[in-house]
Amino acid sequence: MTRLLLCGVVKPFGIKDEITEPLCTMELLNNQVTREQGIHSPRSNNPSFALYLMAENIQVPVTVLDFPTWEEFTKEIDSGEYTHVGISFIIPNVLKARRMTRYIRKHSPQIRILLGGHGTAIPELQNLVEYDDICHGEGISWLRRYFGEDPDRPIIHPALPSSINAYVYGAPIPIKGGIIIPGVGCQNSCRFCATSHKFDRKYTPFLRTGMDIFQACRKSEETLGVDDFGMMDENFCRNPERARELLDHMEENNKAYSFAIFSSAEAISKLGTDFLVRLGVNFLWIGVESKANLFEKTRGIDLNHMIQDLQNHGITVLASSILFLEHHNKKTIHEDIDWAIDLKSDLSQFMGLGPSAGTELYKDYEAKGKIIHDIPYQRKHGQDEIWFRHPHFTLPETAGYLRDAFIKKYHTHGPGVLNMAHTAIKGYLKVKDETAKRERLGMKWDPYTLKYVPGLNAHLDTFMQLRLDCMRRYALRFRPVLKTTLKYAPNAKAAAKCLEVMELYRRAFGPMTLVEHMRSIAVRILAFREQRRIQRDGVVMRQPPTSRVTYLDRSSEYYRSEYGVAAVHEEEDPGNIKIA
Ligand code: SF4
């Protein structure tokens, strides 16, 4: 009988050995956003969402094995249960995939090996990894076709946590969020973008309507008890109709969910800040890329004004930019770094231009002989040296430019966690004032123009009252860490900012409650321990827990979990998980 194992690559991550590197971790913020912020950097891992989404949507029995140790992986292979093994990996992890497939070939040669993920774009993959088939493009329909199933069956969206293993200042973060995956790919086709090219430069929706997304949120709320979501969609605002419908359904059902989204500046500008606040966006990732305005998505947009307006309304902004673009030389690269920092976003990502296999950029650079092939794969992740010939930079110096850009951002604007707290509290106060003023003037939300328009009488905007409650709870999440932020502030400017933010909290909510005081003390104690570990070891690397979930009977919600993510759910919400 056909039986599939879908797995990510083996841990450990972020260590130095023959198949991985310290900067090649399974962390997003610490690796490339709050990098160089030491103890102030929030830490977490994200489950390999695609594995669970695919497993939920095919009918052959599947086990998902996420973040396994080598022993857990080999035990699974040696069980003799599987006819097929699918391994998903990114380019820096290709040597891990090679080690895993070699083991399968040696010990269970009858198993068919399927490969998926961005790593499959490596042109010389055949010489590196042993496999039978490669999953091209979007994985659900590919697997359905592969196993002879109907590729057009409706998509079932799983209920999954957005992050696991989350810590700030060494203290576990108790607040959980869910993940929603509305679709994959992006039609913007930026020439460097691996995601856009992986999905053939088009967008494939899984959740086509606002109602589909709303129902996925409801399912996660009921299963995991979450009302805050990461929206895993490259450009969520690119489909404004769907976003508008989602808000309509939330309003009809009095559900003020909140969202972290990725969107391009041009798509955001069409919807406007009032809409995003009402929708519940509390975190926005924007690709600002470069001062040179090379991309359609930022042309004609006043990014400074846009970012500040969003932040003033409580939306944390992460501005992502690229270093070592073609026009960069030793002068203009500093102009671009300073420009990105001057946008005053809460968080900044600096990425080295990376001609990833499969992209237009890669083809172009390969044709021109610019690609340097002897850089180890595990270092091709955008936070180390570049892997192409740039006329103005030597390879070794590029890693230093990246590191220094993060340090400059950190010393200019302070820790990201402090900026997020600042945005959350000032946004809450502003939106509260604006809502009260509109209510007094009788202004109403107009879902057609996406603006507040004059109405006849003063009234209570009941949905915005729910939204304000959600913004209040979101802002209060940060309060217990602020004394620790102050204690470890990198400079006097950051300390002054921290005191200012603490005063805003006091004005908004009064003195800290006893519970907040106790939490604050707990964070300081744990931070002390964390700081000592950082001083001793240089970095604290927590490995993501293994998750093993078996999907046996597709006609019901039945599934079995043994450890990891699902086991955590079991402890917290035993009523919602059925253990075999
Ligand atoms: S807008 Fe973003 S996701 Fe879309 S192609 Fe460009 S870089 Fe990729």
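Where does Asn254 lie? Asn254 is found in the loop between helix 9 and strand 13 (258-262). The structure is a predicted model, in which local features need pLDDT of at least 70, side-chain atom pairs count only at pLDDT 80 or more, and totals for chains, interfaces and linings use all residues. Residues are numbered from 1 along each chain as its sequence is written, and side-chain values use heavy atoms, with hydrogens and water left out.

**View 1. Asn254 and Phe324 are residues other than glycine with a positive phi.** Most residues other than glycine have a negative phi, and most peptide bonds are trans. Asn254 has a phi near 55 degrees. For Phe324 phi is near 70 degrees. Phe324 sits in the loop between strand 15 (316-323) and helix 13 (332-342). Helices (H or I, at least four residues) and strands (E, at least two) are DSSP runs, numbered from the N terminus. Phe324 counts as buried because its relative accessibility is 0%. Buried means under 20% relative accessible area, exposed means over 50%, and partly exposed lies in between (1.4 Å probe, protein chains only).

**View 2. A cis peptide bond joins Lys11 to Pro12.** Omega of this bond is near 10 degrees. Pro12 belongs to the loop between strand 1 (4-7) and helix 1 (29-32).

**View 3. Leu29 is part of helix 1.** With a relative accessible area of 24%, Leu29 is partly exposed. Leaving aside neighbours within four places in sequence, Leu29 is in contact (heavy atoms within 4.5 Å) with Thr34, Arg35 and Pro42. Leu29 and Gln349 are 320 residues apart along the chain, and their C-alpha atoms are separated by 8.9 Å.

**View 4. Ser108 occupies the loop between helix 4 (94-107) and strand 5 (112-116).** Its relative accessibility is 6%, so Ser108 counts as buried. Residues up to four places away in sequence are not counted here; Ser108 then touches Ile77 and Tyr103.

**View 5. Helix 8 (residues 210-224) packs against helix 9 (residues 240-252).** The two axes are 7 Å apart, at an angle of about 50 degrees. This angle makes helix 8 oblique to helix 9. Axes are lines fitted to C-alpha atoms, for helices over the stretch in contact, and angles run from 0 to 180 degrees between N-to-C directions. Angles under 35 degrees count as roughly parallel, over 145 as roughly antiparallel, 65 to 115 as roughly perpendicular and the rest as oblique. From helix 8, Gly210, Met211, Ile213 and Phe214 meet Arg242, Glu245, Leu246, His249 and Met250 of helix 9.

**View 6. Helix 20 (residues 514-537) has 24 residues.** At 1.5 Å a residue, helix 20 should span 34 Å, and its end C-alpha atoms are 35 Å apart, which agrees. The expected span is 1.5 Å times one less than the number of residues. Glu516, Ser520, Val523, Ala527, Glu530, Gln531 and Ile534 are the buried residues of helix 20. Their cover includes strand 8 (171-172), helix 17 (462-476) and helix 18 (482-487). After helix 20 comes Gly538, with a positive phi near 90 degrees.

**View 7. The domain assignment divides the protein chain into domain 1 (4-156 + 547-576), domain 2 (177-413) and domain 3 (418-510).** These bounds come from an automatic or database domain assignment. Between domain 1 and domain 3, the C-alpha centres lie 39 Å apart.
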